[in-house]
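Try each task yourself before reading the solution.

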Amino acid sequence: MTVGVTESELRVGAMRTPLLSVGDRESSEAVVFVHGNPGSSRDWTGLLEAVGPVARGLAWDAPGFGHADKPASFDYTVGGYAEFIAQALDVLGVQRVHLVLHDFGGPWGLRWAVGHPEQLASIVLVNTGALVNYSWHTAAKIWRMPLLGELVMATTTRPAFRMLMKVGNPRGLPQDFVDRMYDDFDTPTRKAVLKLYRASPSSSPATEQLGGGLRALDRPALVIWGAKDPYIPVEQAHLQLRTFPSAEVNVLEDSGHWPFIDNPDRVRELVVPFLRRVVGS
């Protein structure tokens, strides 16, 4: 575990999941990191360590992912995950929230924010957001198809997963990061992914309705986008200004879908000063 990052267990009702934290555990203001698919709280260890001197920081494995419980009975929808975020924040005593979102963590976090605007203080979007006229990427289209999705999931081997992670990541991803994602991509997680994608709108995982609910708030926002992302086109980066008019938009030309992994120094240089400005303000 990264020095300065504490691991414990978070219990939300009957759900158990790992919790990574930094900073003052008693603070009611926190930076909350929400991973996407296929991810876990450990995606954020580098940024968590950097955030520690600035604020309380929290990251957990979403239900169905990483080492969290993966019950078939969980509501594997955007709404279900948004409700889990709300319950987790209540358990943790967090009232003022600075969201850091990636991938499907975007729809989950934005849905939570629409329902809790008084708690949203700021937002960092990393290759995610309120997507405009977005069409699913190829893998998502396959996962949404009955039978074919199950077949592809059942036959996704470690070598195939490694090859897939090379697409659209010109700087490369560390082998241990890729292998950890695959190790977490077990049968229950694959089933959760199929349920999630099939329960989401056919045209976009984050509809413009979510953006409309947040536009008037005009909360401080930072957008970071790896330009080579093969899943969500870089054109979506500047379109986030429709939802967050005051957002700072930064495009990393040689990064892919995980810029906080393939270019961690640059991402820290953007995220930490932003949080220093907004935390406690």
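Predicted model: local features only at pLDDT ≥ 70, side-chain atom pairs only at ≥ 80, totals over all residues.

Residues are numbered from 1 along each chain as its sequence is written, and side-chain values use heavy atoms, with hydrogens and water left out.

**Exercise 1.** Work out which residues of α7 are buried, and what covers them.

Step 1: α7 spans residues 175-184; helices here are DSSP runs (H or I, at least four residues), strands are E runs of at least two, and both are numbered from the N terminus.

Step 2: Buried means under 20% relative accessible area, exposed over 50%, and partly exposed in between (1.4 Å probe, protein chains only). The buried ones are Phe177, Val178, Asp179, Arg180, Met181, Tyr182 and Asp184.

Step 3: Their cover includes α6 (158-166), α8 (187-198) and α11 (259-262).

Step 4: With 7 of its 10 residues buried, α7 is therefore largely enclosed by the rest of the structure.

**Exercise 2.** Find the peptide bond that is cis, and place its proline.

Step 1: Look at asparagine 37 to proline 38, where omega is near -10°.

Step 2: Proline 38 sits in the loop between β3 (29-34) and α1 (45-51).

**Exercise 3.** Are aspartate 103 and aspartate 218 buried or partly exposed?

Step 1: Aspartate 103, in the loop between β5 (96-102) and α3 (105-115), has a positive phi near 55°. Its relative accessible area is 10%, so aspartate 103 is buried.

Step 2: Aspartate 218 lies in the loop between α9 (208-215) and β7 (221-226), and its phi is positive too, about 50°. At 30% relative accessible area, aspartate 218 is partly exposed.

Note on methods:
Contact = heavy atoms within 4.5 Å.
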